[in-house]
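Please keep the sequence and the structure in view while reading.

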Amino acid sequence: MSLEIDRDSSSNPSPVHRYHGVRGALATGLVAFGLTTLPGGVGAVLIGLLLGQLAPARFLFTRFAAFGAIIGVAVVLCRLISRGETDRLVTFRSVRGEKSLGWAMIASIFLTGYLGQRMPPPTADKNSVAPSLGTVVELAGPTLSGPRFDLKDRRGHVVLVDYWATWCGPCLAELPNVRSTYEKFHDQGFEVVAVNMDDDRDALEKFLAEHPEPWPQIFFDTEEQRGFNNPLATQFGIHAIPVLMVIDRQGKLTAYGVRGGQIETAVAEALGVPVPWSRRLLNLGIDAMECFMYAMMGAPWWLLFSVVVSTTVGAVLIESSVRRRQSWHGASR
């Protein structure tokens, strides 16, 4: 967001104010903070006016303001490291030594989302163990129809475990994807088991009567074990739904948190069914957008700060080092 300064004094004999040093870096950082926070402020106002709710408006503004502060810190550090200077406070030309800053900042946001989505969720229970890829998953419980379900009995099959509830809109939105995947791969050894998080058994039975599902529903009938007190939710530290995970034929976790078209792809891979490249590219785009949105709206602040600052500062350090080497080689010739 800076410039390459024209140093030809003959074409501009009048003195030019330059933003450089600590003051210039701080000024540029404040501008970066303001420009980043502005969309959040506008969005918060619109949400407040349209929905009449302060909580989501406050959340949006807080996220953008904190993100703007992180961007501002990164810009200040990079400006000091590169010793960049500008003749105007707001410009979209890159400062010498900071040409990699913009790309590094974008890459750091996607990297934050990627790392954040793969972090084990926090667990309130010290006995909870968040599932990790490649580990054997132990999962068992009573079903709505009576017989007890045990994942061990499904060895040799690929199993999709779906944590859901009838009151959860995103959960219901995933049901068509689960159904289509089940219908496509059931004959090839694919099974589905649902872990229901409803507090009301009647609501669940009414929903299934209107929308019958061919797979078992694990449901703990005692009041203390319903909802997010479900033992299978506390066991894995699940505090938000939907959560869908794929278990391979050996009982090992191969995919966690899959959504949309990712469900079919993850199941096909676990079954050893070839996945078209068009599907892989589509899922890659979806994954990238989810990483970006998670970084902006859901990633822990410490992770966002450390990844954005370290990535941008590292990129500027490398660029500055390369630039110095080039100047030394040029001077030695």
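Arg201 and Glu205 form a salt bridge in which the closest N and O atoms are 3.0 Å apart, where a salt bridge is a side-chain nitrogen of Lys or Arg within 4 Å of a carboxyl oxygen of Asp or Glu. The model is predicted, so local features need pLDDT of at least 70 and side-chain atom pairs count only at pLDDT 80 or more, while totals for chains, interfaces and linings use all residues. Residues are numbered from 1 along each chain as its sequence is written, and side-chain values use heavy atoms, with hydrogens and water left out.

Because Arg201 and Glu205 are four residues apart in helix H5 (residues 201-210), about one helical turn separates them; helices (H or I, at least four residues) and strands (E, at least two) are DSSP runs, numbered from the N terminus.

Arg201 also meets Asp221 in a salt bridge, at 3.2 Å from N to O. Asp221 lies in the loop between strand S5 (217-218) and helix H6 (231-235), so this pair ties together parts that are 20 residues apart in sequence. Salt bridges that share partners join Arg201, Glu205, Asp221 and Arg226 into one network.

The table lists relative accessible areas, where buried means under 20%, exposed over 50%, and partly exposed in between (1.4 Å probe, protein chains only).

| Residue | Relative accessible area |
|---|---|
| Arg201 | 23%, partly exposed |
| Glu205 | 35%, partly exposed |
| Asp221 | 39%, partly exposed |

A search of the whole structure finds seven salt bridges, including one between Lys184 and Glu264, with the closest N and O atoms 2.6 Å apart. Lys184 lies in helix H4 (residues 169-185) and Glu264 in helix H7 (residues 261-271), so the pair ties together parts that are 80 residues apart in sequence.
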